[in-house]
Amino acid sequence: MKEVDRSKAYRLFYPSVPAVLSTSYRKTVSAMPVVSFTTLSESPSLVGLSSLPSHATHKTVLSARRFSLCWLDRKDLRAMAHLASHPGREGEDKLLSAGLKHHRGKKVDVPVIDAAVAVLECSLTKTIKFGDHELLVGRVKASYAIEDFRDYWSFEEYRPILYTGWKGDLTTLD
Ligand SMILES: Cc1cc2nc3c(=O)[nH]c(=O)nc-3n(C[C@H](O)[C@H](O)[C@H](O)COP(=O)(O)O)c2cc1C
């Protein structure tokens with residue numbers, strides 16, 4: 001096998017299914033696509049996502065101490081691409097700017113995307129610095145999905161978005 005530059009090792013994880021990390025604080029609604037996330041614990045239900053502290057969304061999560069994670073269908077691929085290519089500004093509703101309507105969470109006061117196929121509502125429990133990123137640890141307070149999820153995805157309705165990493169390319173399986 002050929003050597004892969006260690007600084008590019010993270011690219012071996014792709015393709016991955018991205019989700020949208022959203023939060024709000026005062027008049028600002030922040031959101032960005034994320035792929036560097038995972039479940040950390042089943043009981044309690046904990047998730048971790050690795051984020052660059054310079055991102056507007058990261059800063060808003062630290063202020064709000066809560067966030068949602070929403071998975072989108074491929075029909076919302078363009079909106080996700082918009083979230084990736086436009087850095088959020090203070091006072092902006094970045095989800096609406098990307099064409100994504102949203103409502104408040106069921107259990108946590110976070111923005112939840114109307115078109116989401118699956119949602120986690122989380123409170124921020126811990127942050128840990130790792131190199132140039134920071135791990136945001138969330139406790140899952142509510143989790144729900146469309147009917148296509150029957151303990152596992154059946155993929156009869158849901159068509160996932162895939163992130164290849166190549167020039168920020170978002171794609172689908174077919
Ligand atoms: C599919 C995809 C996944 C991404 N995943 C992450 C991630 O896990 N962590 C991160 O810090 N940035 C990630 N990014 C980059 C941010 O989403 C991007 O820089 C975004 O514009 C930041 O927006 P903000 O400054 O408004 O928060 C990802 C980008 C794309 C396209």
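Reader: Where does Glu147 sit, and is it buried or exposed?
Author: Glu147 lies in the loop between S9 and strand S10 (162-163). Helices (H or I, at least four residues) and strands (E, at least two) are DSSP runs, numbered from the N terminus. Glu147 has 10 C-beta neighbours inside 10 Å, so it counts as exposed. The scale goes like this: buried if 20 or more other C-beta atoms lie within 10 Å of a residue's own, exposed if 12 or fewer, partly exposed in between, with C-beta atoms placed from the backbone.

Reader: Before we go on, what kind of model is this, and how is it numbered?
Author: This is a predicted model: local features need pLDDT of at least 70, side-chain atom pairs count only at pLDDT 80 or more, and totals for chains, interfaces and linings use all residues. Residues are numbered from 1 along each chain as its sequence is written.

Reader: OK. What does Ile146 touch?
Author: Not counting residues up to four places away in sequence, Ile146 touches Val117, Glu157 and Tyr158. Contact here has a cut-off: the two C-beta atoms, placed from the backbone, lie within 7 Å. Ile146 and Tyr158 are 12 residues apart in sequence and 8.6 Å apart in space, C-alpha to C-alpha. Ile146 is in the loop between S9 and S10, and with 14 other C-beta atoms within 10 Å it is partly exposed.

Reader: Then which peptide bonds are cis?
Author: The one from Tyr14 to Pro15 is cis, with omega near 5°, and so is the one from Ser43 to Pro44, with omega near 0°. Pro15 is in the segment before S1, while Pro44 is in the loop between S3 and S4.

Reader: Switching to the sheet. What's the strand order?
Author: It's an open sheet of 7 strands, ordered S2-S1-S5-S8-S9-S4-S3, with antiparallel pairing. Pairing needs at least two bridges found by DSSP between the strands. S2 and strand S3 (37-41) are at the edges with a single partner strand each, so one side of each has no neighbour in the sheet. Direction ignored, neighbouring strands are turned by 35° against each other on average.

Reader: How many bridges do S1 and S2 share?
Author: They pair over 7 bridges, in the antiparallel sense, and Ser24 stands opposite Val29 in S2. H2 packs on the sheet, touching S1 and S2, and its direction makes about 105° with that of S2. For those angles, axes are lines fitted to C-alpha atoms, for helices over the stretch in contact, and the angles run from 0 to 180 degrees between N-to-C directions. On its other pairing, S1 is joined to S5 by 3 bridges, and the bridge partner of Ser22 in S5 is Ser68.

Reader: Is S1 enclosed or open?
Author: Largely enclosed by the rest of the structure, because 6 of its 7 residues are buried.

Reader: And the nonpolar core, how many residues has the largest one?
Author: It has 33 residues, and those with the most contacts inside it are Val20, Leu21, Leu69, Cys70 and Leu72. A core here means buried Ala, Val, Leu, Ile, Met, Phe, Trp, Tyr and Cys residues joined through C-beta atoms within 7 Å.

Reader: What about Leu83?
Author: Leu83 is in helix H2 and counts as buried, with 27 C-beta neighbours inside 10 Å. Beyond four places in sequence, its contacts include Val20, Ala31 and Met32.

Reader: Last one: what surrounds the ligand?
Author: There are 20 residues around it, the closest being Met32, Ser36, Thr57, Ala84 and Gly88.

Key: A residue is near a molecule or strand if its C-beta atom, placed from the backbone, lies within 6 Å of it.
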